[in-house]
Amino acid sequence: MSERSERILDAGEVERVLGRMASEIVEATGGAERVGIVGIRRGGVALSARLAQAVAGLGPEAPPVGSVDIALYRDDAATALPDPKIGPSVVPFDVAGRDVVLVDDVLQTGRTVRAAIECLLDYGRPRRIWLAVLLDRGGRELPVAADFVGRTLEVPAGAKVRVELAEEAAEPGDGAVLVRAGETP
Amino acid sequence: MTRPFRHPHLLDITSLTTEDVVQILDTAEALFEVSRRPVRKVPTLRGKTVINLFYEASTRTRTSFELAGKRLSADTVNMSTASSSVKKGESLYDTCKTLEAMHPDIVVIRHGASGAPHYVAKNMRCSVVNAGDGMHAHPTQALLDAFTIRRSKGTLAGLKVAICGDVAHSRVARSNARLLRLFGCDVRIAGPRTLVPKHFAEAFDVSVYERLEPALDDADVVMALRIQQERLSQALLPSLREYARTFGLSEDRLAGAKDDAIVMHPGPMNRGVEIDPELADGPRSVVLDQVEAGVAVRMAVLYLLAGDAGAAPTGPRGA
């Protein structure tokens, strides 16, 4: 089966988009001292570190960073476990009273975000939860909306979107790639 | 790389591969943190039913399974024989069929007869977890011990582990020996000749000693076993004081073990018999870590078995 891939974002664009999102986060929340950034495993983890770095560059303080794994909060956990692996959730700061920005690479159905919100609430009661995603590809199955979006792009359900950050990609440099499968059988 | 858990039941360690054990321990590692959160409950097994069926007295195992189920949001029901129809003469078969009609997803059973959990697994259409059967097996105890050792030592591979005391009556010793041999541990058994079965060394591929010192030499891990006064007859042991003098673990006796050797006990402890109180409460003791690990390991077992719900299990699988 052949695949055709298109580059949606290149390294320079990822950098610029993250910079803009960081400014929006600081503006919306009123500064890093009240913000915590939590990546949704696994796609949102490297991105959350990047975003935290960008936010830190805009103010006196670096926001604390954590990560959540949604395996235990999936809405199909008890019926089907083709992949029962649970990753660690690490929230090394008190979320109570903070503005917490959940970060994921791609937003599609909204089910992952629903689960991540529920997980985060088990660590305390944030003042507000925000959602930041690098790519909003459409295809929502739950009423979920992102507050900070890098790029919006309507992608058909069969296609895949891959976000690769330099720190975890096989190839050097950041980027987001749209992969359309099944061009020829 | 992950895969679905391949077993419908957890009946003994013998049925498990090294890979299965690692999968359970890794899952437990991820679940360990849940019990330390402000909200110690996740919604994973919402709508699932777990019945704890205990035919023998138990505090920690029953409480541990109950909390494990509840922290995963399963509906958990405890049935102890003292307050059940078993007192009125109901057979195990009829109890199985009665409970089955209530549609549990998992039955956790402790029973005085070896093999009782296997019998239940054959006669009920749900997953069965052995919480200790006679002198046969106590798989979740061996798993939580392995979890505790791995956390403390970083690995299980190749460790020198001494298991000391009443091996004959101990399902804990049997399950632990099986599991540790899977990881190539050097397992040394130490106990009076009357309390170590004759063919134990060959059956479990371990070394057997009639004195503590050679078993403890250079050991990474020292496990004390409880003297099971309820299963013991006078003929096997002259007196508890005599036993404490020759096989009781103490700081002095541990002189030959590694400096960072840890001391374990499955509980409940007979302080001053198989273990000296100072050792039990001292810095080498990981007894309370074992208890904490127990909840995480049992959560992992319930989680992995509940995930197998697609294929309605009818009997034990694997060798």
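Let's start with the cysteines: a search through the whole structure, which is a predicted model, turns up zero disulfides over all chains. As a reminder, a disulfide is a covalent bond that joins the sulfur atoms of two cysteines.

So what keeps B:Cys96 from having one? Its sulfur sits 8.3 Å from the closest cysteine sulfur, the one in B:Cys126, and that is too far for a bond. To count as a disulfide, the two sulfur atoms would have to be within 2.5 Å. B:Cys96 is also buried, with a relative accessibility of 1%. Over in chain A, Cys119 is buried too, and A:Cys119 has a relative accessible area of 0%.

Now let's look at where the two chains meet. On one side, 24 residues of chain B take part, and they are in contact with 16 residues of chain A. Putting the chains together buries about 1,700 Å² between them, and carbon and sulfur atoms give 59% of that area.

What about polar links? Five residue pairs are in polar contact between chain B and chain A, counting pairs where both residues have pLDDT 80 or more.

Which parts of chain B do the touching? The elements that give two or more residues to the side facing chain A are helix H1 (18-32) and helix H11 (287-306) of chain B. H1(B) provides the largest share, with four residues. If you sort the residues on this side of chain B by type, you get 13 nonpolar, five polar and six charged.

Notes:
Residues are numbered from 1 along each chain as its sequence is written. Chains are lettered from A and ligands numbered from 1 in the order in which they are written. This is a predicted model: local features need pLDDT of at least 70, side-chain atom pairs count only at pLDDT 80 or more; totals for chains, interfaces and linings use all residues. Side-chain values use heavy atoms; hydrogens and water are left out. Contact means heavy atoms within 4.5 Å. Buried area is the accessible area (1.4 Å probe) that two parts lose on being put together, summed over both. A polar contact is a pair of N or O atoms within 3.5 Å; within protein, one must be able to donate a hydrogen and the other to accept it, and residues adjacent in sequence count only if both atoms are side-chain atoms. Ala, Val, Leu, Ile, Met, Phe, Trp, Tyr, Cys and Pro count as nonpolar, Asp, Glu, Lys and Arg as charged, and the others, Gly among them, as polar. Buried means under 20% relative accessible area, exposed over 50%, partly exposed in between (1.4 Å probe, protein chains only).
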